[in-house]
Amino acid sequence: MGTNENPDTETHDARSRLVMSALRLFAEKGYKAASTREICEAAEINISSIRYYFGDKAGLYRAAFTEPMGETPCHSELQAYVGLSLDEALGKFFTEFLEPLKKGEEIWLVMKLHFREMIEPTGAWQQVIDTEIKPQHEVLVSLLKKHLGLQRIDTDVQRLAFAIVGMAVHFYVGQDVVSAIAPQLLTTANAIDVLAERLAGYAVSMIEGEARRRAQGAL
C-alpha cells in the first residue's frame with residue numbers, strides 16, 4: 001500500500017531547497033551573476049517555483065539574505081524585557097542573538113552573503129538595519145538608560161550599547177578567526193549557550209564600570 005506525501009511538507013521542502021541553493025550561489029557569485037536557472041537546477045526545482053514562492057529573483061534574494069537567521073529575530077520590543085533583572089535581560093538578549101550560530105555552515109554562508117552585499121549593495125542590508133538592527137539597538141540603549149538611572153540617552157550610552165553588541169557580532173563576522181584559534185567556542189549548541197551566558201556576564205561588568213565612571217565624574 002502506497003503512502004501519500006503531505007503537500008505542506010513537500011511545499012516546505014521545495015521552498016527550503018530553493019532558499020539554500022540561492023544562499024550558496026548568491027554568496028558565491030553575487031546577486032547579478034547568479035542566475036535563477038542555475039539556482040533552480042541546484043535545488044532540483046522547476047524555475048516557475050521562484051515566481052510561485054517568492055515573486056521574482058529579488059524576492060528570492062531577500063529570503064536567502066534574511067530567513068536563515070531565523071524566523072524570530074532577537075527581541076526588538078522593550079516589552080520583552082519587562083520584569084527581568086539586568087542579568088536576566090542580557091542573558092535573554094545574547095541567547096537569542098547567538099541562536100542562529102547553531103546552524104553552522106549555513107550561517108557562515110549568510111555572513112559571506114552579507115559581506116558581498118556591502119560591496120555590491122541591493123538594498124537588502126539597509127532594510128535589515130532599519131527593521132531589525134536599529135530597533136534592537138534602541139531597546140538595548142533604553143535598558144541601559146533605565147539601569148544607569150539617566151534622564152536621557154547620551155553619547156556614552158550609545159558607545160556602551162555598540163560595545164556590548166559588538167562582543168556578539170564578532171562571533172558572526174569573525175567565524176573563520178574563532179574557528180582557527182578556539183573552535184571549541186562554537187562547535188556545539190551547548191558551547192554557544194555558554195558563550196551567551198558569558199557575554200551577558202561581561203556586559204554586566206561593562207555596565208557596572210560605566211556606572212562607576214559616571215559616579216566618579218559627578219564627584
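Of the contacts in the protein chain (heavy atoms within 4.5 Å) between residues at least 6 apart in sequence, 69% join residues at least 24 apart. Please bear in mind that this is a predicted model, in which local features need pLDDT of at least 70, side-chain atom pairs count only at pLDDT 80 or more, and totals for chains, interfaces and linings use all residues. Residues are numbered from 1 along each chain as its sequence is written, and side-chain values use heavy atoms, with hydrogens and water left out.

The protein chain has 10 helices and zero strands, where helices are DSSP runs of H or I of at least four residues, strands are runs of E of at least two, and numbering starts from the N terminus. Buried residues, meaning those under 20% relative accessible area with a 1.4 Å probe and protein chains only, make up 38% of the 219 residues. The C-alpha atoms fill a box of roughly 75 × 40 × 35 Å along the principal axes.

I turn now to helix α8. How far apart are the end C-alpha atoms of α8? They are 25 Å apart, in agreement with the 27 Å that its 19 residues, 155-173, should span at 1.5 Å a residue; the expected span is 1.5 Å times one less than the number of residues. The buried residues of α8 include Val157, Leu160, Ala161, Ile164, Val165 and Ala168. In general, an α-helix has 3.6 residues a turn, so residues three or four places apart point the same way. Met167 is also buried, and α8 bends there by about 40°, the angle between axes fitted to the seven residues ending at that position and the seven starting there.

How values were computed. Buried < 20%, exposed > 50% of the residue type's maximum accessible area, 1.4 Å probe, protein only.
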